[in-house]
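This briefing sets out selected features of the structure shown below.

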Amino acid sequence: MSFRNFKMVSYVVYGRGSFNQLDEILVPHRKGDAPMIFLLDHFFEGKPLAGRVPLRGKDQLIFADVTYEPKTTQVDALANQLKEKFGTVSGIIGIGGGSVMDLAKAVSLMMNNPGSSADYQGWDLVKQAGVYKVGIPTLSGTGAEVSRTTVLTGPTRKLGMNSDFTPFDQIVLDPELTKDAPVNQRFYTGMDCYIHCIESLEGTYLNEFSKSYGEKALQLCQDIYVKRSGWDETSDDKLMMASYAGGMSIAYSQVGVAHAVSYGLSYLLGTKHGIGNCIVMNHLEEYYPAGVKEFKYMVEKNQIDIPTGICKGLTDEQFDAMINVSLGMKPLWENALGKDWEKQMTRDKLRALYEKL
């Protein structure tokens with residue numbers, strides 16, 4: 001029997017105010033005058049966090065536009081621009097939500113790997129380690145800070161660069177950074193974590209490693225969204241750890257139907273990951289009856305609007321494009337439905353599901 005030997009994040013610092021230690025964390029990883037490149041979510045342009053980034057020498061602060069989730073073209077352009085300007089860099093630091101952290105991971109990898117990031121969409125295609133990379137979440141829930149993938153929309157599909165070279169070398173988990181997150185956005189990313197847990201805990205890949213992290217993350221999500229009546233600092237603390245544990249739960253497992261279907265939405269319609277998962281989860285009683293019931297309760301309790309009718313008026317070609325992307329996520333479907341998943345999830349059945357959204 002062969003067991004997965006997976007790469008985890010090398011260093012983790014957690015605590016309120018831990019962002020203030022970033023400069024001393026980075027110093028040992030500086031290489032001569034090669035700069036550190038800070039990719040900061042454009043949400044923070046003109047806000048105090050931008051002024052707290054510890055720039056030295058030739059360091060660059062780049063406001064990353066994540067209006068849309070990262071594309072392979074955006075990654076390639078940024079990596080090529082940095083190579084042309086500096087030759088090499090000391091590291092890439094992503095500060096923001098899941099999209100910024102994915103962008104940072106991908107740019108780090110493309111500093112040291114030839115070709116386009118689209119060449120590496122898949123499993124274990126990356127051959128060279130990237131430059132030093134740090135992830136600092138300002139939203140909690142995606143698990144991007146601990147995952148071995150960086151999800152990108154390419155010319156033909158939405159798929160991650162899944163590899164042992166992808167995880168961050170360092171993450172800084174400072175719940176203070178999440179306090180000003182927009183309410184709806186915070187809910188959507190929190191539900192991404194909740195859905196990770198449901199899909200992992202009910203999947204065929206489940207083992208005690210995944211189960212231990214998944215159960216804790218699920219409990220934290222329930223504490224926050226079911227039991228608590230308002231949002232406070234404790235909520236931010238708990239959601240940050242739920243995100244970490246939820247990401248760890250799928251490291252040795254996988255996600256499932258909601259993620260597989262939402263990848264199609266994101267590829268065709270540009271639907272952001274968190275809200276896409278929520279749109280799909282609303283219609284998955286057949287697969288996750290208890291989880292969907294609780295999800296709907298949390299949506300109602302927190303007075304969140306989940307969009308409907310987003311697939312109305314799509315052409316057959318557009319439905320086919322989404323179906324192709326979704327069915328390409330084979331490990332997700334196998335985790336959700338078992339080895340004979342292709343007999344269960346036919347193109348017609350998936351088309352009917354998309355038509356409900």
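In this predicted model, isoleucine 92 stands opposite lysine 133 in strand S6. The strand that pairs with S6 here is S4 (residues 91-96), and the two run parallel, joined by six bridges. S6 is also joined to S9, again in parallel, by two bridges.

- Strand S6 spans residues 132-137 and is mostly covered, with six of its six residues buried.
- On one side of S6 the buried residues are Tyr132, Val134 and Ile136, while Lys133, Gly135 and Pro137 are buried on the other, which leaves both faces covered.

**Phenylalanine 165**

- Phenylalanine 165 is placed in the loop that runs between strand S8 (158-162) and strand S9 (170-173).
- Phenylalanine 165 counts as partly exposed because its relative accessibility is 30%, and partly exposed residues fall between the limits of 20% for buried and 50% for exposed.
- Leaving aside neighbours within four places in sequence, the contacts of phenylalanine 165 are Leu109, Val126, Lys127, Gln128, Ala129 and Lys133.
- Phenylalanine 165 and glycine 130 are 35 residues apart along the chain, and 6.9 Å separates their C-alpha atoms.

**Nonpolar cores**

- The largest nonpolar core has 60 residues, of which Leu284, Trp333 and Tyr354 touch the most other members.
- Helix H5 (residues 183-201) contributes the largest share of this core, nine residues.
- Apart from this core lies another, of 34 residues, including Ile92, Met101, Ala106 and Met240.
- Tyrosine 354 touches Ala260, Val261, Gly264, Leu265, Cys311, Phe319, Met322, Ile323 and Ser326, when residues up to four places away in sequence are not counted.
- In soluble globular proteins, nonpolar side chains tend to be buried together.

- A search of the whole structure finds one cavity of 30 Å³ or more, and the volume of the largest cavity is about 50 Å³.
- The lining of the largest cavity is formed by Leu139, Ser140, Thr178, Ala181, Arg186, Thr189, Trp231, Asp236 and Leu239.
- Classed by type, this lining has four nonpolar, three polar and two charged residues.
- At least two residues of the lining come from each of H5 and helix H7 (233-251).

Note on methods. Residues numbered from 1 in each chain as written. Predicted model: local features only at pLDDT ≥ 70, side-chain atom pairs only at ≥ 80, totals over all residues. Heavy atoms only, no water. Core = buried A, V, L, I, M, F, W, Y, C linked by side-chain atoms within 4.5 Å. Buried < 20%, exposed > 50% of the residue type's maximum accessible area, 1.4 Å probe, protein only. Helix = DSSP H or I, 4+ residues; strand = E, 2+ residues; numbered from the N terminus. Contact = heavy atoms within 4.5 Å. 1 Å grid on protein atoms, 1.4 Å probe; cavity = no way out; pocket = protein on both sides within 12 Å on 5 of 7 lines; lining within 4 Å. Points joined across faces, edges and corners; volume = space filled by probe spheres on them. Nonpolar A, V, L, I, M, F, W, Y, C, P; charged D, E, K, R; others polar. Pairing = 2+ DSSP bridges.
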